[in-house]
Amino acid sequence: MKKQWNIWSCVIVLGVASVGSMIQAKTVFEEVSAEMKMELSSGTASWADFDNDGWVDLNAGGVLWKNDQGKGFTKVAEKEPGVFGDFDNDGFPDLFAYGNQRLYRNKAGQEFVEVALPEFDKVPSLGACWGDMNNDGFLDLYVGGYEDWGNQVTFPDRVFLNENGKSFAIAWSDARYRARGVMACDFDRDNDLDIYVSNYRLQPNVLWVNDGSGNLQDVTKAFNALATSEGFDGGHAIGSAWGDFDNDGQIDIFAGNFAHRDGRGDQPKSRFLRNLGPEKKFVFEDRGTCGVFYQESYASPAAGDYDNDGDLDLFFTAVYASASFGVANYPVLFRNDGDWTFTDVSEAAGVAKLGATYQAAWADFDNDGQLDLIGSGKLFRNKGNKNQWIKIRLEGDGKKINRDAIGAQVRITLKDRTLSRQVEAGTGQGNQNSPILHVGLGSHAGTVTLEIAWPDGKKQNVKKVKTNELVKVRYSP
């Protein structure tokens, strides 16, 4: 039983005993779906604590699973795949099903009830993300529009603005491309959420910069965010992921490209885009593949520091069991070795040769400080190592800042690096990592300072925070 206590000003600390600072060389996952009493589909996965009991729950392929204190999961409902966000700021995350654009209100963690929305055309969609696009304290949605391939019809991406927790209004749309993955981040740190969209059919990915009111401008070329290679207009993308992959305090992009071999030569490979920060006006530098080797059917990536060394690693799915010319494809776990070098550790980590899937999302479901993984219809428990870590749960006031604090960023500055994490609600294609920020600290000993950037621009420092603990910070105006 983990010890708990309250220290209130702006912080609640839920503590566990320190595990020391010695680094264990290898971290291995074990598949625990059966042990957790789960029969999982390989449909997209979203993590959120929908009953606010301190244990993160799961929507996998539209089935809602309640976490029974890390010892098992109970199936509680069947809805639809979607992303969680507290639409009405009542403290309980609601579910938006992007496929049919349906909203399910979470009634005090007891049930999800569909909310009647205004009449609008329901378009095919494979992904959406929550974020307060106009900084009014309520979560809005960016919903990607996909295609009717047979009739060569492209459906629009749209921004759904939240009307005070009661309904949505469509405020913006763009119908040029076929969206698959959508994700939000204030990459240029100007206090409003921007959007990166992964587009299919060799169409260009799009970086949308927000003017603060939910109006979006395409700045892809100006910011070097196309994520393609010479001779191609776009990257045939399915999903991407935000993350500070080089620990310089700026949030970068991993753009995952589904890359057929065709008559023009190999299509663009997946690549990392490094955020060059304020000195270069937040333009991205294309770093290339960085060790993410070619597979034809790469799909949905998810970034997380599985070995708690401070570097964001990458789990990347594949959606063909057998690709062109009979070549087998598998999801891959890439370990970030620093200096933009990524190594395939799937075999050593116990996640080799998984089945074809779009499913990839990280969460510490058993609250032991080690990031666990869901992918290919399997739940993997992280057996861990002795590296230090910290977990941070940010909470808005439900007035100036949305209750889930989506869009907030935390930075921890160590001697040789600055670790950055953001609260997000949507990654890859249709997946969602846990909203609890997880930061590995390697062998760092002693306390850390949390540098919090809230979505309204307010900065807050929380000093002398112990490692190997969960810290809860509430926004106070």
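How exposed is Asp 456, and what is its relative accessible area? Asp 456 is partly exposed, with a relative accessible area of 30%. Here buried means under 20% relative accessible area, exposed over 50%, and partly exposed in between (1.4 Å probe, protein chains only).

Welcome to this predicted model, in which local features need pLDDT of at least 70, side-chain atom pairs count only at pLDDT 80 or more, and totals for chains, interfaces and linings use all residues. Residues are numbered from 1 along each chain as its sequence is written, and side-chain values use heavy atoms, with hydrogens and water left out.

The structure holds 25 salt bridges, each a side-chain nitrogen of Lys or Arg within 4 Å of a carboxyl oxygen of Asp or Glu.

| Salt bridge | Closest N and O atoms |
|---|---|
| Arg 102 with Glu 80 | 3.1 Å |
| Asp 456 with Lys 400 | 3.7 Å |

Let us begin with Arg 102 and Glu 80, which form a salt bridge. Arg 102 lies in strand S9 and Glu 80 in the loop between strands S6 and S7, so the pair ties together parts 22 residues apart in sequence. Strands (E, at least two residues) and helices (H or I, at least four) are DSSP runs, numbered from the N terminus. Glu 80 is buried at 10%, while Arg 102 is partly exposed at 31%.

Asp 456 also has a salt-bridge partner, Lys 400, which is partly exposed at 46%.

Finally, a network of salt bridges links Asp 246, Asp 248, Arg 274, Glu 285 and Arg 287.
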